[in-house]
Amino acid sequence: QVHLVESGGGSVQAGGSLRLSCTASGNRDSRARMGWFRQAPGKEREGVASINIGDRRTAYAEPVKGRFTISRDNDKNMVYLQMDSLKPEDTGMYYCAYKPPWSTSWVGPFSPNSYHYWGQGTQVTVSS
């Protein structure tokens with residue numbers, strides 16, 4: 001069982017920055033993968049960034065490339081999402097997700113169906 005807790009959300013003006021954190025208790029497997037997703041009101045949940053726990057290889061969705069950075073501190077069991085040059089369209093609830101190595105459901109790093117555990121989310125609001 002993996003328990004995820006997000007923090008760091010808030011309200012910022014366009015062009016500002018936020019750093020989201022995700023604490024992953026019960027996660028000790030370097031073969032796992034973690035991701036950040038977001039969901040705006042009335043829209044589907046979309047993946048923004050993903051990272052392998054072991055080799056720290058990352059992937060970014062096109063809308064956030066060059067602005068967001070995902071990173072992992074394995075000693076602290078934390079994953080971070082540094083968000084710079086924020087835009088109003090980045091507004092939404094941001095979720096941390098975990099794909100355990102035993103899971104065979106894989107449809108890509110940005111599909112919610114690829115991940116098995118989810119946090120409760122942290123709200124990010126970007127004003128123009």
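Two strands pair if DSSP finds at least two bridges between them, and in this predicted model that rule gives an open sheet of four strands in the order S1-S3-S8-S7, with antiparallel pairing. The structure also holds one disulfide and six salt bridges, and its largest nonpolar core has 27 residues. The points below take these features in turn, beginning with the strands.

**The open sheet**

- Strand S7 pairs with strand S8 (residues 78-83) through six bridges, and the two strands run in the antiparallel sense.
- Within this pairing, the bridge partner that Asp73 finds in S8 is Met78.

**Strand S4 and its partners**

- Strand S4 covers residues 33-39, and six of its seven residues are buried, so this strand is largely enclosed by the rest of the structure.
- With strand S5 (residues 46-52), S4 forms an antiparallel pair held over six bridges, and in this pair Arg33 stands opposite Asn52 in S5.
- The hairpin of S4 and S5 has six residues between the strands, and Gly42 in this hairpin takes a positive phi near 80°.
- S4 is also joined to S9 by seven bridges, and these two strands run antiparallel.

**The disulfide**

- A disulfide is a covalent bond between the sulfur atoms of two cysteines.
- Cys22 lies in strand S3 (residues 18-25) and Cys96 in strand S9 (residues 92-99), so the pair ties together parts of the chain that are 74 residues apart in sequence.
- The torsion about the S-S bond of Cys22 and Cys96 is about -80°, so this disulfide is left-handed.
- Buried means under 20% relative accessible area; Cys22, at 0% relative accessibility, therefore counts as buried, and Cys96, also at 0%, counts as buried for that reason as well.

**The nonpolar core**

- In soluble globular proteins, nonpolar side chains tend to be buried together.
- Of the 27 residues in the largest nonpolar core of this model, the ones that touch the most other members are Leu4, Met34, Trp36, Val79, Leu81, Met83 and Tyr94.
- Strands S3, S4, S5, S7, S8, S9 and S11 (122-127) each supply at least two residues of this core, and the largest share, four residues, comes from S3.

**A network of salt bridges**

- Side chains of opposite charge can pair when their charged atoms come close.
- Among the six salt bridges of the structure are those that link Arg38, Glu46, Arg67 and Asp90 in a network.
- Arg38 forms a salt bridge with Glu46, in which the closest N and O atoms are 2.6 Å apart; Glu46 counts as partly exposed because its relative accessibility is 34%, whereas Arg38, at 6%, counts as buried.
- Arg38 also forms a salt bridge with Asp90, where the closest N and O atoms are 2.8 Å apart.
- Arg38 lies in strand S4 and Asp90 in the loop between S8 and S9, so this pair ties together parts that are 52 residues apart in sequence.
- The side chains of Arg67 and Asp90 meet in a salt bridge as well, with a distance of 2.7 Å from N to O.
- This pair links distant parts of the chain, with Arg67 in the loop between strand S6 (58-60) and S7, and Asp90 in the loop between S8 and S9, 23 residues apart.
- Arg67 is buried, with a relative accessible area of 10%, and Asp90 is buried with a relative accessible area of 0%.

**A polar contact in a loop**

- Ser103 has its place in the loop between S9 and strand S10 (117-118), and at 11% relative accessibility this serine counts as buried.
- A polar atom of the side chain of Ser103 lies 3.3 Å from the backbone nitrogen of Ser105.

Technical notes: Residues are numbered from 1 along each chain as its sequence is written. This is a predicted model: local features need pLDDT of at least 70, side-chain atom pairs count only at pLDDT 80 or more; totals for chains, interfaces and linings use all residues. Side-chain values use heavy atoms; hydrogens and water are left out. A disulfide is a pair of cysteine sulfur atoms within 2.5 Å. Buried means under 20% relative accessible area, exposed over 50%, partly exposed in between (1.4 Å probe, protein chains only). A polar contact is a pair of N or O atoms within 3.5 Å; within protein, one must be able to donate a hydrogen and the other to accept it, and residues adjacent in sequence count only if both atoms are side-chain atoms. A nonpolar core is a set of buried Ala, Val, Leu, Ile, Met, Phe, Trp, Tyr and Cys residues joined through side-chain atoms within 4.5 Å. A salt bridge is a side-chain nitrogen of Lys or Arg within 4 Å of a carboxyl oxygen of Asp or Glu.
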